[in-house]
Amino acid sequence: MIRLVEIRKTFGGHEVLRGVSKTFGEGKVTCVIGPSGSGKSTLLRCINLLEKPTSGEIFIEGERAYYEIDRGAIRYHSESRITAVRRKLGMVFQDFALFPHLTAIENVTEGLVYGLGRGRQEAAGVAARVLARVGLAERASYYPDQLSGGQKQRVAIARSLAMTPKAILFDEPTSALDPELVGEVLDVMKDLSQEGMTMIIVTHEMKFAREIADEVIFVDHGVIVEEGPPAIVFESPQHERTRNFLRRVMR
Amino acid sequence: MEFFNLDVIHDYGFALLHGLMLTIMLTLIVITLSLGLAVPVALCRMSTNVAVRAPASVYVEVIRGTPLLLQLVYIYYVLPTMGINLSGFVAAIVGLTLNYTAYMSEVYRGGILAVPRNQWEAAATVGLSRARTFQRIVLPQALLIVTPTLGNYFISLFKDTALASVVTVQELTFTGQIVSARSYQYFTVYTVTGILYLAVGYPASVFVRWLEERAQRGHRADRPA
């Protein structure tokens, strides 16, 4: 479904990703864990080109995405072609990134109408359905400022769901939430995984990762140090760095 | 000595009102033009393309670095030597619009840059093009941010139209000068002139303050929580 080949990313001389190759299978839930500053968020953001890799290749559904490599130089596709690929990948941000000047339902219809070119009525129907799916049918006409953090994040999930994405990328979706609001967001994510959605989740919620993930990858200093089923990575990690990290976060 | 001479008002009141009308007209025409034109100028200033950015920057810096009075005089007296003849009224509109567009473009630019980057990113992930994102997501938020500042420009433009008198436009201030010189009733005429400005300017500033409060409440206005 998503294949990364030797992705590297440099920010002003500092190499944040140092050659990451990884295939994310269809219908699989992959949790990305690692210390802050390890490059895990950058890795996720490279998948939908919110960060532009310095080098490496990205394939989405078997097709080369975003750019061609022409004698070592990156040549980007047209904006419309990039947008068409990005639409296949939903994204949920740590700080929600809802559109504050639009109501919950308008946040959802925006992409349907102006991204996919659907009619308003059809879009409103789809939006009502996905909002109901995340348990927010009664909050449709509320503005983001009138919603709790957990509700905002569920609207954000509904917004990406409405686009019927092939996969959803989650960038620390519960890190900005009060502890008592984390559960409602994780529950929605759990439902999605049970329905077979392909998900890549950068998270600090180790218990959740262990419960939901088909595969866990541990990233440190810009490389994948260890990957495997959660039972293996969490119970008997092979690498010293993984063990150290887990010891620190599990306590 | 009689300070306030009502006869003058009787004789020249209509002329002063006519001047006020012209002042209001100038203000409304110029504010409409510059509110619209300032958006593309702001976008040009932020372009990554130097050929687009450079002319816009030169324009803004020239306008900001020279007096408005000189700009008006230049348009009215110097352009004709290059074969461009404008009436005083048109010259005033062109001059004031060029000036206010430059300043307002900077306000817009600040407002656009103040919209968080994640708004662009979130819009991209739901398939909006950059142009659509600007139009639907960024500009509405930027407008909310800049409303108070633009409101103040509106008020100050209303008073700056007095400068149109140097290019022969008989707006309120110029009318006041003519009438007082003719009647020798400086106190009465200039006081009434001031009152006329205030009669429009004060409600306008109350309106701007109301707009400001609305903008601060954002789009939550009148919605139950």
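Chain A holds an open sheet of six strands, ordered β8-β9-β10-β3-β11-β12, with mixed pairing. Because β8 (89-92) and β12 (223-228) of chain A stand at the edges with a single partner strand each, one side of each is left without a neighbour in the sheet. From one strand to the next, the twist averages 20°. The model is predicted, and chain A is in contact with chain B through 29 residues from chain A and 23 residues from chain B.

**The sheet of chain A**

- Strands β8(A) and β9(A), the latter spanning residues 167-171, run parallel and are joined by four bridges.
- Within β9(A), Ile168(A) is the bridge partner of Gly90(A).
- Helix α1 (residues 40-47) of chain A packs on the sheet, where it touches β3 (29-33), β8, β9, β10 (198-202) and β11 (215-220) of chain A.
- The direction of helix α1 of chain A makes about 150° with that of β9(A).

**The interface of chain B and chain A**

- About 2300 Å² is buried between chain B and chain A, with 58% of it on carbon and sulfur atoms.
- Two salt bridges are counted between the chains.
- Arg45(A) forms a salt bridge with Glu121(B), in which the closest N and O atoms are 2.7 Å apart.

**The side of chain B that touches chain A**

- The elements giving two or more residues to this side are α5 (117-125) and α6 (130-160) of chain B.
- Helix α5(B) provides the largest share, eight residues.
- By class, this side has nine nonpolar, seven polar and seven charged residues.

How values were computed
Residues numbered from 1 in each chain as written. Chains lettered and ligands numbered in written order. Predicted model: local features only at pLDDT ≥ 70, side-chain atom pairs only at ≥ 80, totals over all residues. Heavy atoms only, no water. Pairing = 2+ DSSP bridges. Axes fitted to C-alpha atoms, helices over the stretch in contact; angles between N-to-C directions. Contact = heavy atoms within 4.5 Å. Buried area = accessible area lost by both parts, 1.4 Å probe. Salt bridge = Lys/Arg side-chain N within 4 Å of Asp/Glu carboxyl O. Nonpolar A, V, L, I, M, F, W, Y, C, P; charged D, E, K, R; others polar.
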